[in-house]
Amino acid sequence: MKRIKAACITPTLCFFNRDKETTEYAKRAIVQEYEKYKSQLERSGDTKYKILSETTNVNG
């Protein structure tokens with residue numbers, strides 16, 4: 001019998017505004033959502049992760 005000892009899955013997460021607003025408030029809300037997601041990963045400690053890159057679109 002064979003068992004999987006390790007696996008690598010590379011998801012790409014995209015945080016965006018569904019309303020397609022480009023106001024400063026909408027941009028801040030997206031950044032806050034991203035920061036909250038990142039802090040939840042750090043707090044849980046169960047999930048090993050590595051952020052390969054962070055980019056911000058020109059429209060925020």
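Tutor: Let's sort the residues into classes: Ala, Val, Leu, Ile, Met, Phe, Trp, Tyr, Cys and Pro count as nonpolar, Asp, Glu, Lys and Arg count as charged, and the others, Gly among them, count as polar. Keep in mind that this is a predicted model, where local features need pLDDT of at least 70 and side-chain atom pairs count only at pLDDT 80 or more, while totals for chains, interfaces and linings use all residues. Residue numbers start from 1 along each chain as its sequence is written, and side-chain values use heavy atoms, with hydrogens and water left out.

Now the pocket itself. A pocket is an open set of points on a 1 Å grid over the protein atoms alone, where a 1.4 Å probe fits and protein lies on both sides within 12 Å along at least five of seven lines; its lining residues have an atom within 4 Å of a point. Points are joined across faces, edges and corners, and the volume is the space filled by probe spheres set on them. The largest pocket holds about 1,400 Å³ of space. It is lined by 33 residues, and Leu13, Cys14, Phe15, Tyr34 and Ser53 are the closest to its centre. Sorted by class, that lining has 15 nonpolar, 11 polar and seven charged residues.

Two of those names come back as a ring pair. Rings of Phe, Tyr and Trp (its six-membered ring) pair if their centres lie within 6.5 Å; planes under 30 degrees apart are stacked, over 60 edge-to-face, and the rest tilted. The structure has two aromatic pairs. Phe15, Tyr34 and Tyr37 make up one aromatic cluster. A helix here is a DSSP run (H or I) of at least four residues, numbered from the N terminus.

How open are these spots? Buried means under 20% relative accessible area, exposed over 50%, and partly exposed in between (1.4 Å probe, protein chains only). Phenylalanine 15 counts as partly exposed because its relative accessibility is 24%.

Lysine 38 bridges to glutamate 54, with the closest N and O atoms 3.8 Å apart. That pair links distant parts of the chain: lysine 38 is in helix H1 and glutamate 54 in the segment after H1, 16 residues apart. With 18% relative accessibility, lysine 38 counts as buried. Apart from neighbours within four places in sequence, lysine 38 is in contact with Tyr49, Ile51 and Glu54 (contact means heavy atoms within 4.5 Å).

The other bridge joins glutamate 24 to lysine 27, their closest N and O atoms being 3.6 Å apart. Both sit in helix H1 (residues 24–44), three residues apart, about one turn of the helix. Glutamate 24 counts as exposed because it has 52% relative accessibility, whereas lysine 27, at 23%, is partly exposed.

Notes. A salt bridge is a side-chain nitrogen of Lys or Arg within 4 Å of a carboxyl oxygen of Asp or Glu. Helices (H or I, at least four residues) and strands (E, at least two) are DSSP runs, numbered from the N terminus.
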